[in-house]
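Subject: Handover of a structure

Dear colleague,

Please find the structure below, together with its sequence.

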Amino acid sequence: MIETLEQLVACLRAGTLREHRESNVEVKKSWEQEHGKKISAFANRPSGPVCWMCVGVSDDGQLSGRDESWVKKTEERISQQLNQYLDPQNACLGLSCHECDGQWFIAVKYANPGSVVRWNNVAYKAAGTTINEMTPEDTMALAVALPGLSDYSSQKWSGSYDCAMAIDFVRVVSERGCNPLERMEGISVDSALQRIGLWHTNAQRILFGDVRYRVVKYDKKETPVSNETRLGLYGLLQPTFLLEAQNWSKTQQGIPMDPFPTKALREGLANAVAHAAYYDGQGDVIVELFSDRVSISNLCIKESGYFANKWFSRSHKTVNRMLMEALRLAGAVDELGRGKNLIFAESLRNGKNPPTVVLEKGGRYDRWRLYIYGGSQNRVQLRVLQRLREMYQDEQKALIANALVLWSGYPVSNIQKYVDGESSRIFADVLVDMKGPIFYYQKNDQIVLRRWVRVLLGEGKDSKQLSAAEEEDLFDLASKIQTDYHHGYITPKQLRELGAMGDTNSEIVQSSQILKKWMEQGQITKVKKGLYKFVPAKPTPDMAAIVKSLLEKFRSPSGSG
């Protein structure tokens, strides 16, 4: 039985690697997509060991003379197909290229992750050297027998760890009064970690052990000036790192206040630690600090693409259950799926640009990259949010309305992907609100900003005088609608609605001035305070009839008698 890569290489060097001798090894001279069926079949052995597929090795166990260029290209193709066809992805524990006595081969390491393994949506089973599709009954029986998708963070591990970091974690959990650590006095760190359930698990390794992350700092010209590798991801969640991130960007910009919303930054870092795909490459968490933004990225399973930019959604999926529970005990994460909303809401409340998530394809796992923006507060944006709060008297509705204003350049069909659950109804209400900040032009799937929003965003003030053309268009629209549907009567509030104005003091004064001007020009009359009526337009002479009558007179014979 081959258990380690070192054993595999030793057998290849000795020329003793044979499939019939090693029940957990498959050799292939080259790679074909069909070989994935064997990965599914071997992984679906409930009590099976770790398995290996060696590509670049002949059936007699001899290396096939492949060079480095061939294995690099083949490794990329295998990686793409594992990413596309293998489900769940963490059945594959490793994919790597190796040189042995001047010849190269590819090692695919895989095992059952606790659930049925499929290749291209089909589950396979092995009977001797034969590979067959599993029947629905076979699949159900195996699914019942298996424990469920394995939690990498709960798997066993032993090794050295940062005791000071663990002590800080235990202190935080204890101070929060969370069981099983109601009191910390007299409890060693090891005992505390045992009570919590972290002792000798990958969660302990991720938080306080040798799992690496990188911190890259850029100057104002976006030139990298430092690139540090650090150990123990709990370090990202400590107040000292939050202070370091704020101070770096604050210094680059030369501003006195913290550039990033603290709650949003903390939540973004916690999400990276909680949800990274640690199966391969230790999650590869990277924090990049710029003068005006921070980029937080990590490896993620491909299904995570569903959650990208769903800022008003509670949808979430935890792949590291034990790690998530540990972070919850420390108050670092919100297990109810409200973290995304918090990052977005805090950015808007602090007058920052809305955060974004970019999914980058690469290898067997995608890369999730969150951008949180800093810099000085955008006071105009804050005024828009305040106007929306006054308009809706509901914080969530005001935030969604503000988001739609900021997303006005995107098709609504794209924006709808960012919202689900209870927020969908609020989203729809704002879209159809004729008195709201936007107009939904359904034909073009487009958001159009109301005039008061455009003025406020463009000039930073609540209103500006209408041009002569704008005022004339408004008169034509108002006179027609009010005559057709309201017997010609109009109020200042109706005029503001028709003119896509708001209800600030300056806009109230402006609408009254416009009506006063129309009254002085004889276009409307005042019925009573706050109520006016359009003066019916005088009939326009029928010039065609007049011309026709004149022509008939000229054609008549004059002076007959």
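Does cysteine 54 count as buried or exposed? At 0% relative accessibility, cysteine 54 counts as buried, where buried means under 20% relative accessible area, exposed over 50%, and partly exposed in between, with a 1.4 Å probe and protein chains only.

Please note that this is a predicted model, in which local features need pLDDT of at least 70 and side-chain atom pairs count only at pLDDT 80 or more, while totals for chains, interfaces and linings use all residues. Residues are numbered from 1 along each chain as its sequence is written, and side-chain values use heavy atoms, with hydrogens and water left out.

Cysteines

The structure holds zero disulfides, a disulfide being a pair of cysteine sulfur atoms within 2.5 Å. The cysteine sulfur closest to that of cysteine 11 belongs to cysteine 54, and it lies 9.6 Å away, too far for a bond. Cysteine 11 is also buried, with a relative accessible area of 16%.

A helix pair

Two packed helices are described by the angle between their axes and the distance between the axes. Helix H9 (residues 262-275) packs with helix H10 (residues 321-329) at an angle of about 150°, and their axes are 9 Å apart. Axes here are lines fitted to C-alpha atoms, for helices over the stretch in contact, and angles run from 0 to 180 degrees between N-to-C directions. Helices (H or I, at least four residues) and strands (E, at least two) are DSSP runs, numbered from the N terminus. H9 is therefore roughly antiparallel to H10, a term for angles over 145 degrees. Ala270, Val273, Ala274 and His275 of H9 make the contact with Leu323, Met324 and Leu327 of H10, contact meaning heavy atoms within 4.5 Å.

Backbone features in loops

The peptide bond from aspartate 87 to proline 88 is cis, with omega near 0°. Proline 88 is found in the loop between strand S3 (86-87) and strand S4 (92-100).

Aspartate 101 is not a glycine, yet has a positive phi of about 55°. Aspartate 101 sits in the loop between S4 and strand S5 (103-110) and is exposed, with a relative accessible area of 55%.

Glutamine 393, likewise not a glycine, has a positive phi of about 55°. The loop between helix H12 (379-392) and helix H13 (395-406) holds glutamine 393, which is exposed at a relative accessible area of 66%.

Yours sincerely

Methods: Parallel < 35°, antiparallel > 145°, perpendicular 65-115°, else oblique.
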